[in-house]
Amino acid sequence: MIQVYTGDGKGKTTAALGQALRALGHGQKVFMIQFMKGRTYGELMACERCLPDLTIVMSGRDEFVKKGAPEEVDLRMAREGFELAKKVVREGKHQMLILDEINVAIDYGLLPLNEVLDFLRSCPRELEVVCTGRYAPPELLEIADLVSEVREVKHHYRQGVPMRKGIEY
């Protein structure tokens, strides 16, 4: 099945990690690819220490990508992450695949929408695929089995609070 967590609010990746934690609790294996992320986030460090059945691979750099005009390195890294996702599915060792920020990667022109949709349609039905990120395209929402929109009501960034270790990363 396909789950999508989208919207302008904070918590989409966190929701996906909650799904991963639930799956791990039942003895399942989870693979997460983080598109457009290159910073060492807290979840990566915690999972390496505590959750051997959750693999997280970053497929981006710790730089902003220019929407509609990505650099070659960003295109290459997104493609590498997408090819890794295909490999994970082919190998069949995981029960959940999280494609973190893939919605943004599509929106920014790093991955072609039709190719991602074809991939998702080809995934085995028993594999839970979780797609996160703002700007989920309507075509993805259409094929998804679950869609949750995280809406920002209030955010401390608007008050000038910078990113905080352990909260935003």
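How many helices and strands does the secondary structure of the chain come to? Six helices and six strands. Keep in mind throughout that this is a predicted model.

**Whole chain.** Start with everything selected. The C-alpha atoms fill a box of roughly 45 × 35 × 30 Å along the principal axes. The radius of gyration is 15 Å, which agrees with the value near 15 Å for a compact globule of 169 residues. Show the surface next. Its accessible area is about 9,300 Å², and carbon and sulfur atoms hold 51% of that. Buried residues account for 45% of the chain.

**Trace the order.** Switch to cartoon and color from the N terminus. The elements read β-α-β-α-β-α-β-α-α-β-α-β. Now consider contacts between residues at least 6 apart in sequence: 74% of them link residues at least 24 apart.

Six of them form an open sheet in the order 3-2-4-5-1-6, and the pairing is parallel. Go to residues 54-59, strand 3, and then to 146-149, strand 6. These strands stand at the edges; each has a single partner strand, so one side of each lacks a neighbour in the sheet. On average, neighbouring strands are turned by 15° against each other, direction ignored.

Zoom in on residues 30-35 and 96-100. These are strand 2 and strand 4, paired in the parallel sense over five bridges. Pick Met 32, then find its bridge partner in strand 4, Ile 98.

**A helix on the sheet.** Finish with residues 42-50, helix 2. This helix lies across strand 2 and strand 3. Its direction is about 145° to strand 3.

Methods:
Residues are numbered from 1 along each chain as its sequence is written. This is a predicted model: local features need pLDDT of at least 70, side-chain atom pairs count only at pLDDT 80 or more; totals for chains, interfaces and linings use all residues. Side-chain values use heavy atoms; hydrogens and water are left out. Two strands pair if DSSP finds at least two bridges between them. Helices (H or I, at least four residues) and strands (E, at least two) are DSSP runs, numbered from the N terminus. Axes are lines fitted to C-alpha atoms, for helices over the stretch in contact, and angles run from 0 to 180 degrees between N-to-C directions. Contact means heavy atoms within 4.5 Å. The radius of gyration is taken over C-alpha atoms; the globule rule is 2.2 Å times the number of residues to the power 0.38. Buried means under 20% relative accessible area, exposed over 50%, partly exposed in between (1.4 Å probe, protein chains only). Accessible areas come from the Shrake-Rupley method with a 1.4 Å probe; for residues, only the protein chains shown count as cover.
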